[in-house]
Amino acid sequence: MASHSDTLVVFFGATAGANGGKLGSDEREIILLVWQIVDLHEKKVGKLQRCLVKPDTLELADQCKEETGLTLEDIVAAEPLDKVLQQFQQSVSSELKSLGRSSYTLCVNSPLVIRQALHPEASKKNLVLPECFFSFVDVRKEFHKCCPNAGPVQKLTLDSMLEYVGLPAVSEQMFGVKEVRSMVQLTLCILAEPHNHKFSCVETVKYKFDSGTCSKTEPVDSETVIRARGLPWQSSDQDIARFFKGLSIAKGGVALCLNAQGRRNGEALVRFINSEHRDLALERHKHHMGSRYIEVYKATGEEFLKIAGGTSNEVAQFLSKENQVIIRMRGLPFTATPQEVLSFLGPESPVTDGAEGLLFVKYPDGRPTGDAFVLFSCEEYAQNALKKHKQILGKRYIELFRSTAAEVQQVLNRYMSTPLISTLPPSPIVPVPVLTTPPYLPAASSTRDCVRLRGLPYTAGIEDILEFMGEHTVDIKPHGVHMVLNQQGRPSGDAFIQMKSSEKAFMVAQKCHKKTMKDRYVEVFQCSTEEMSIVLMGGTLNRSGLSPPPCKLPCLSPPTAYAAFPTPPAILSEAALYQPPLLAAPRPAQTTAHTPAHTLAYYPHQPHLYMNMNMNYTAYYPSPPVSPSTVSYFAAPPGAVAAVAAQPHHAAAAASSVLPQPGALVRMQGLPYNTGVKDILSFFQGYQLQPDAVLLLYNFSGQCSGEALITFPSEEIARRAVAERTNHPFYGQQVHLAFCN
């Protein structure tokens, strides 16, 4: 019998949208429930019950109206879902009592009504489902056990199963009633001779997600893993498990992805117990978590292990305590002790096992990173700890936010694999004159002669954009296509295009808005050069208006020669310090009798250049919560210095055109990889430095290179700082200072 039950309750449901094999995929609410009891001992059936359900959104899809025959008038007078579920319990309990039975199990035609419709909707509405909805049997799988030659389970239908055993199709026309009566006939058939079937394949729905760790040596089937994108940054593993409510996630199967700065990037890898649940998860593509829709794609086991897998015994021991709430602390003073952290959290937030419930994250050489993870035994203690967010410990404010077991492992993996010394070769600063004349550096303007493309496929290139633009391609300015990359150097799904006039930009926005590119519709908005510049500097532009960047520090948007915001004189980026291979072959400048001996590379002014050049643009989009100690300049990837002036310049004049003015420049090497602007200002306390005098350098993968450029008010102060601070330890680490004359 089904889980030792006396009876089966044959159960069917329909939503206001798609039904059948796509039930639940469009996130519509339940509008119909039908059920009937089958006595497994006496082989008798009870009274058929059919209840309409009133959804919160009174709207029926055309497909639903056609299939169910229901209208808005039918469901307006119905009870909401919670009331109907109460009626279901009362009705079933009453019938069981009259039959003298004590237990029952749901029987459905597919798991969709339970896993994809009922549980997700109840989770969103904060309804507590009766225990009976956490286990069920699938009539198709039970039938397949009796008749394995009937075909694959996924292809079995009620009509095909009835036909296989020689039963006539049910003549009932009312939607829902026909399906339940067909399932009842099949159930009675396989219970009788010659099958004498026992219902035993009971599927369960997990009550809660089990956190845990994953070893790098553990085999992970790629057919069980998905990637979720667009998550709110504060999402925990339990929030993600709630989004996939009804599906079974493997223990420790939620891994939040981090960017190069150790912050969450809005993505997570989720591992399910089998491929069937993974396939159901893919059907939740663009379902909503709050007001945000979440994209769901296939991923591989290798990707999951790369994020969540670990070998640290320290982490395994730390996470060995079950049912603990994990909080991450960031920005701790490097000298912070366990007792100071416990005192900071206070008696209202007792840490599990005291100091044993703290895990300080360190570099391979034992240096602290300023991060720590804390265990709390209950949600109340964790909430009290989160109230300490941005309060001061020592001289630094501390960030606190929810974390996961997978994030603990990922952060430890990241820091333990960090090289102890900078891998970038030392190189003298080469003064490079930067072209500052139009059209390469267009002045910021309120004229709306640009368009923004949002929602591009991540595989889209410039050629795809030009094809998408169609006949409007001829109206694009030379070098006017700006692909925006995220911090990892990957496409962000955004691009800016400079048009020849505001009228041309308006036409593109009108005709191309929501056109399809590679099965995705793309939004096209008209904007100005000024708005484009602010977005490339880290601000946001959406339908509700323009938001400035989260900090006032300028961010480089390479290639420097094509930057959309005016920043003359330009600041020398790391790409200029270490000359990388250019992405397109430059032509040598034409030399004259007055031209210096060396020749500078430049790109000729050709209207068609943007069509065949793989320009690489990037912008810095911080992933909140933002730490002022980590917001700094973001270096250009290879190819950033793609165009330079061909006019003659004296060396001194060239240097002055690219270095911060006024003042003298000092170069620091060998910095810890978590160094922030505030740390350097503290190191040079008393030397009259402002925050904008510090330029942190990042490597091409977006990680700190361990170097910085500091502009002092004068050469005298710079030389004195170098002489006095050369042998001074920087947070326990020796750094090298060099005056750049």
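The structure is a predicted model, in which local features need pLDDT of at least 70, side-chain atom pairs count only at pLDDT 80 or more, and totals for chains, interfaces and linings use all residues. Residues are numbered from 1 along each chain as its sequence is written, and side-chain values use heavy atoms, with hydrogens and water left out. Helices (H or I, at least four residues) and strands (E, at least two) are DSSP runs, numbered from the N terminus.

- Helix α7, covering residues 177-191, has 15 residues and reaches 21 Å from its first C-alpha to its last, close to the 21 Å expected at 1.5 Å a residue, where the expected span is 1.5 Å times one less than the number of residues.
- Because 11 of the 15 residues of α7 are buried, this helix is largely enclosed by the rest of the structure; buried means under 20% relative accessible area, exposed over 50%, and partly exposed in between, with a 1.4 Å probe and protein chains only.
- The axes of α5 (residues 139-146) and α7 come within 11 Å and cross at roughly 30 degrees, where axes are lines fitted to C-alpha atoms, for helices over the stretch in contact, and angles run from 0 to 180 degrees between N-to-C directions.
- That makes α5 roughly parallel to α7, a term for angles under 35 degrees.
- Val-139, Glu-142, Phe-143 and Cys-146 of α5 make the contact with Met-183, Leu-186, Thr-187 and Ile-190 of α7, contact meaning heavy atoms within 4.5 Å.
- Met-183, Leu-186, Thr-187 and Ile-190 are also among the buried residues of α7.

**The five-stranded sheet**

- Five strands form an open sheet in the order β21-β22-β20-β24-β23, with antiparallel pairing; two strands pair if DSSP finds at least two bridges between them.
- The edge strands, each pairing on one side only, are β21 (476-485) and β23 (515-517).
- Strands β20 (residues 450-454) and β24 (residues 520-527) run antiparallel and are joined by five bridges, and Val-451 stands opposite Gln-526 in β24.
- Helix α15 (residues 462-469) packs on the sheet, touching β20, β21, β22, β23 and β24, and its direction makes about 125 degrees with that of β21.
- Helix α16 (residues 502-512) also packs on the sheet, touching β20, β22, β23 and β24, and its direction makes about 155 degrees with that of β24.

**A buried loop residue**

- Ser-349 lies in the loop between α12 (338-345) and β16 (358-362), and counts as buried because its relative accessibility is 1%.
- Not counting residues up to four places away in sequence, Ser-349 touches Phe-376, Tyr-381, Asn-384 and Ala-385.

Notes
Parallel < 35°, antiparallel > 145°, perpendicular 65-115°, else oblique.
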